[in-house]
Amino acid sequence: MLQLLDLSWNSLGGSLPSRIGKFEYLFYLDLSNNSFSGEIPESLTGLENLVHKTALLKESCEHISLIKSKEQGRPRLVYDNICNFPPTIDLSHNKFTGPIWPSFGNLKNLHVLNLEENNLSGSIPDSISGMTSLEVLDLSCNNLSGEIPYSLVHLSFLSVFNVSYNRLYGDTPSGGQFMTFPDSSFDGNQALCPRLVAPCQRKQIHPVVSPGKKMKIMDWNFGIGAAIGFLLCVFFCFKSGWVIPKGRVCRC
């Protein structure tokens, strides 16, 4: 029997127990908008129903009424069929730390992975490209660094991708679904080069140099011109009597 767990918007905290990965038929997990902390249990990457592509999801569909709670003041979502829920792991808006486990790539049946607004660090694993059914990948508002793996262009079903406001750098992959993502998906990564620029050309900022012995303030042409101008000025001043009045004898 399929298992669905929605504990979003419940003000829950503490670390997430590793035994959550033992739910054999869990296919939908929403723990968003809580205060969970610590590392994401690696056991989540071994959820049986999300690792192996089986017919279980279709065979276990039951026509029952399900209500998914949402933020206060917003309407709740009502489903009349469990199959209307896409296979999901939503841990967004918590306080999770640590890495994104490379073994997340094992979840070949997962459609939505949302890790937005946590404190995750490290790089984006290249193995994410193994999540061949992935449609939504949101890693925004974390402390992720490194380059975006080029292999992600092979996720042919990916329609939503967001890595904004991290510390990513290098070239932004181009090709595949990456040509359809808006620029806002990459905002807030100052060292990340825009798409369609190959290779990545970073601006060179020249250091500010204070005047020193080797610093050339003026060239010789300017110096000669200034001297001639000064002498002409003195000559005309004497001739006009501004410096020595006419009729006065200059005695030694």
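This note sets out numbered points on the fold, the sheets, the core and selected residues of the structure.

1. Basis. The structure is a predicted model, in which local features need pLDDT of at least 70, side-chain atom pairs count only at pLDDT 80 or more, and totals for chains, interfaces and linings use all residues. Residues are numbered from 1 along each chain as its sequence is written, and side-chain values use heavy atoms, with hydrogens and water left out.

2. Overall composition. The protein chain holds three helices and 15 strands; helices (H or I, at least four residues) and strands (E, at least two) are DSSP runs numbered from the N terminus. Of its 252 residues, 38% count as buried, where buried means under 20% relative accessible area, exposed over 50%, and partly exposed in between (1.4 Å probe, protein chains only). The chain exposes about 15600 Å², of which carbon and sulfur atoms supply 57%; accessible areas come from the Shrake-Rupley method with a 1.4 Å probe, and for residues only the protein chains shown count as cover.

3. Contacts along the sequence. Contact means heavy atoms within 4.5 Å. Among contacts between residues at least 6 apart in sequence, 50% join residues at least 24 apart.

4. An open sheet with parallel pairing is formed by six strands in the order 1-3-7-9-11-13; two strands pair if DSSP finds at least two bridges between them. Strand 1 (3-6) and strand 13 stand at the edges with a single partner strand each, so one side of each has no neighbour in the sheet. From one strand to the next, the twist averages 10°, with axes taken as lines fitted to C-alpha atoms (for helices over the stretch in contact) and angles running from 0 to 180 degrees between N-to-C directions. Within this order, strand 3 (residues 26-30) and strand 7 (residues 88-90) run parallel and are joined by three bridges; Tyr-28 has Thr-88 as its bridge partner in strand 7.

5. Pairing around strand 10. Strand 8 (residues 95-98) runs parallel to strand 10 (residues 119-122), with two bridges between them, and Gly-98 has its bridge partner at Leu-120. Strand 10 also pairs with strand 12 (residues 143-146) in the parallel sense, over two bridges. There, Gly-122 is partnered by Leu-144.

6. The nonpolar core. Such a core is a set of buried Ala, Val, Leu, Ile, Met, Phe, Trp, Tyr and Cys residues joined through side-chain atoms within 4.5 Å. The largest has 45 residues, and Ile-40, Ile-89, Leu-91, Phe-104, Leu-113, Ile-148 and Phe-161 touch the most other members. Strand 3 and helix 1 (48-51) each supply at least two residues of this core, and strand 3 gives the most, with four residues. Leaving aside neighbours within four places in sequence, Phe-104 is in contact with Ile-40, Thr-45, Ile-89, Leu-113, Ile-128 and Met-131.

7. Ile-148. This residue lies in the loop between strand 12 and strand 13 (160-162) and is buried, with a relative accessible area of 4%. Beyond neighbours within four places in sequence, the contacts of Ile-148 include Phe-161, Phe-178 and Phe-186. Thr-172, 24 residues away in sequence, is 6.6 Å from Ile-148, C-alpha to C-alpha.

8. Ser-164. Located in the loop between strand 13 and strand 14 (167-171), Ser-164 is buried at a relative accessible area of 5%. Not counting residues up to four places away in sequence, Ser-164 touches several residues, among them Cys-141, Phe-186 and Asp-187.
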